[in-house]
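Good morning, colleagues. Please look at the structure with me.

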Amino acid sequence: MSTAALSPRPQVIADRLLPRSTVLTDVALVATGAAVVGAMAQVIIPMWPVPITGQTLAVMLVGGALGIRRGAAALGVYMVVGLLGVPWFAEANGGAAMALAPSFGYILGFIPAAALAGWCAERAWDRRPLLAMAGFLLATAVPFVVGVPFMAAVLGLTDLATIAAYGITPFIVPGIIKAAIAAALFPVAWRLLRTRA
């Protein structure tokens, strides 16, 4: 077996801040990550059928800071707890009925998006602005893979132009901006952590 296979993955920011991670700290990080997404979901530009929110930025920040497993777990907790009634989906919505909302597919897509952001961070992409931007742009695109078909099915849409107008086009520029914000923040955070070491 090669030594490369045994080498540890690079630390993510949570590992650097809490080097002696336990199950309890992991649970606390996951819960905090879910709460951050819930708070950022309330930063909205109202639109129908899917609002523009701060959720996508939060997904990138949480996934990148926590890594694959904890990032995906945080978004899974966010989804499940929201469905159980905590009003932390966009526009302070929550409850089981949200599973039939046009925007719910994007929430499902946040779980693999956070995992992808975490995968990139575990490979130290978040320490270099261009690699971070590439990783966060990919993570930004992931929710559309689930969200757009889900929205179209819920609304009974079949016209591709209408589907794009409702579920893709309004989010392109905000998505790029949010990816750029995350790509700028992570290298700065790593520089600050190195100066503290």
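Predicted model: local features only at pLDDT ≥ 70, side-chain atom pairs only at ≥ 80, totals over all residues.

Let me begin with the largest nonpolar core, which has 34 residues. Within this core, L75, Y78 and I107 have the most contacts. Two or more residues are given to the core by each of α3 (23–40), α4 (55–66), α5 (68–83), α6 (104–122) and α7 (129–155). The largest share comes from α6, with seven residues.

What does Y78 touch, if residues up to four places away in sequence are not counted? The list consists of A34, V37, G38, A41, Q55, W88, F89, A90 and I107. I107, as mentioned, is also among the residues with the most contacts inside the core.

Is T140 buried or exposed? T140 counts as buried, because its relative accessibility is 8% and the cut-off is under 20%. Beyond its neighbours within four places in sequence, T140 is in contact with T56, M60, G175 and A179.

I turn now to the surface. A nonpolar patch there is formed by L137, I168, I172, V173, I176, I177, I181 and L185, and together they have about 650 Å² of accessible area. Helix α9 (residues 169–196) gives the most to this patch, namely six residues. I168 sits in the loop between α8 (160–167) and α9. With a relative accessible area of 33%, I168 is partly exposed.

Thank you for your attention.

Methods. Residues numbered from 1 in each chain as written. Heavy atoms only, no water. Core = buried A, V, L, I, M, F, W, Y, C linked by side-chain atoms within 4.5 Å. Buried < 20%, exposed > 50% of the residue type's maximum accessible area, 1.4 Å probe, protein only. Helix = DSSP H or I, 4+ residues; strand = E, 2+ residues; numbered from the N terminus. Contact = heavy atoms within 4.5 Å. Patch = residues over 30% accessible without salt bridge, like charges linked within 9 Å, V, L, I, M, F, W, Y side chains within 5 Å. Areas by Shrake-Rupley, 256 points an atom, 1.4 Å probe, with all protein chains shown as cover. Salt bridge = Lys/Arg side-chain N within 4 Å of Asp/Glu carboxyl O.
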